[in-house]
Amino acid sequence: MHFMTLILLLCLGDTFAATGNNRLGRNIAFRSLNRSNHTGQRQTPRSGATSPYMIRPKVMIISTFAPEADVWYDTTIDLFAKNVTVTGLSPLWPDVHCSGDDTVCQITSGLGVVNAAASMQALWMSPHFNLTKTYFLVAAIAGINPYEGTTGSVTFADYVVNLDLQYSLSESDMPANGCNFFPLGADRPDSSNPGAYPTSWFGWEAFELNKKLTTRVVEIVSKTPLNDSAEAVAYRANYDYSPANKAPGVKVCSSGASNLYWSGARTGFAFSNYTRLVTNGSATYCATNTEDSGLHEGLFRGAIAGKLDYGRVINMRTASDFDRAPPNVDPFYHLFEAAQGGYEPSLINIRLAGMAIINDILTNWDEIYMSGIKPSNYIGDGFGSLKDQEAKRDIG
């Protein structure tokens, strides 16, 4: 299986691989929790020996790198009360951190689809945890499609789509007025035309989440004031259309995951078409990231194994930057140099929105959450791997 990240092709010159420049909205600088500002609050991790009891968290927060994790490390939840070393997690983030009463835990997966999947599988295979009643809250930042949202916004995924499983041509070989991404087995570029549907299918191209659960958390977060910045307001003004130039809000839409850190209008339109295509017109792409399909494949394997409930997965991404430049702004400048102003608000809004969700789960555990919020829609992968569902699958 090959990914377009191994090819690193450009789409008419407006797709660029990220370089780690610290002006990027999705700052990719790594740092271990052992070098965190909160080191003084950490306890020495337990050894890998089996715990005398299994931790049964009500909420598992999933961060993907240190800045997302750091927003949780204060005394409100006191996640350093218990620190459990889990075999198979990222060497940078080898511990799961839990509150003293075991109700809330937090894990950092590491960036990229492979890290995400491996960390989730290591988590549910760990003898330290019973996750059968746990709600999983993906709480991370993302790029945003300016036709669907704006920086600082909080997005909740109804679908998670993998964007990597495609053919790609070099720029010199691409069709005129087209793009160089082709669904596997198709003979035409990404489009919403059913004729472009991939004929090679691996099952993790798309996942569908519990819409009833998503509806509830959206209602909760919609009542939460969101952070913004003057810099973000100023950069949004470069867009001459809504919602890009509006204030942050809450949005339900699909998450598109790719190991390629891409930027550009043509690529954005291509991936929007691909998202609609593989969900049979059901999904609208808005949030781009490098982990979600891996996180969900890892979690979904756990659901198949009976180790967790996939109907309890919440996918929240806050928008740190735009996935394409405003009109009349150079795409290279937009990706590598522009001060978009959304990075800090996106991290703050992870905490604001996430705490609202966690508080609702803990407060209403007995009445609502303990027994689960039964989905009315199909949930799962593109194979229909979770059996005995009444709702019809609309992916795959």
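Cysteine 105 counts as buried because its relative accessibility is 0%, where buried means under 20% relative accessible area, exposed over 50% and partly exposed in between (1.4 Å probe, protein chains only). Before going on, note that this is a predicted model, in which local features need pLDDT of at least 70, side-chain atom pairs count only at pLDDT 80 or more, and totals for chains, interfaces and linings use all residues. Residues are numbered from 1 along each chain as its sequence is written, and side-chain values use heavy atoms, with hydrogens and water left out.

Cysteine 105 has a partner: it forms a disulfide (a pair of cysteine sulfur atoms within 2.5 Å) with cysteine 98, and the two sulfur atoms are 2.1 Å apart. Cysteine 98 is also at 0% relative accessibility, so it counts as buried. The link of cysteine 98 and cysteine 105 is right-handed, with 110 degrees about the S-S bond.

How many disulfides does a search of the whole structure find? The search finds two. In the other one, cysteine 253 is joined to cysteine 286, S to S 1.7 Å. This pair links distant parts of the chain, 33 residues apart: cysteine 253 sits in strand β10 (residues 250-257) and cysteine 286 in strand β11 (residues 285-289). Strands here are DSSP runs (E, at least two residues), numbered from the N terminus. Both cysteine 253 and cysteine 286 are buried.

Now look for the largest pocket, which is lined by 21 residues. Asp309, Lys374, Pro375, Ile379 and Gln389 lie nearest its centre. A pocket is an open set of points on a 1 Å grid over the protein atoms alone, where a 1.4 Å probe fits, with protein on both sides within 12 Å along at least five of seven lines; lining residues have an atom within 4 Å of a point.

Definitions and conventions: Helix = DSSP H or I, 4+ residues; strand = E, 2+ residues; numbered from the N terminus.
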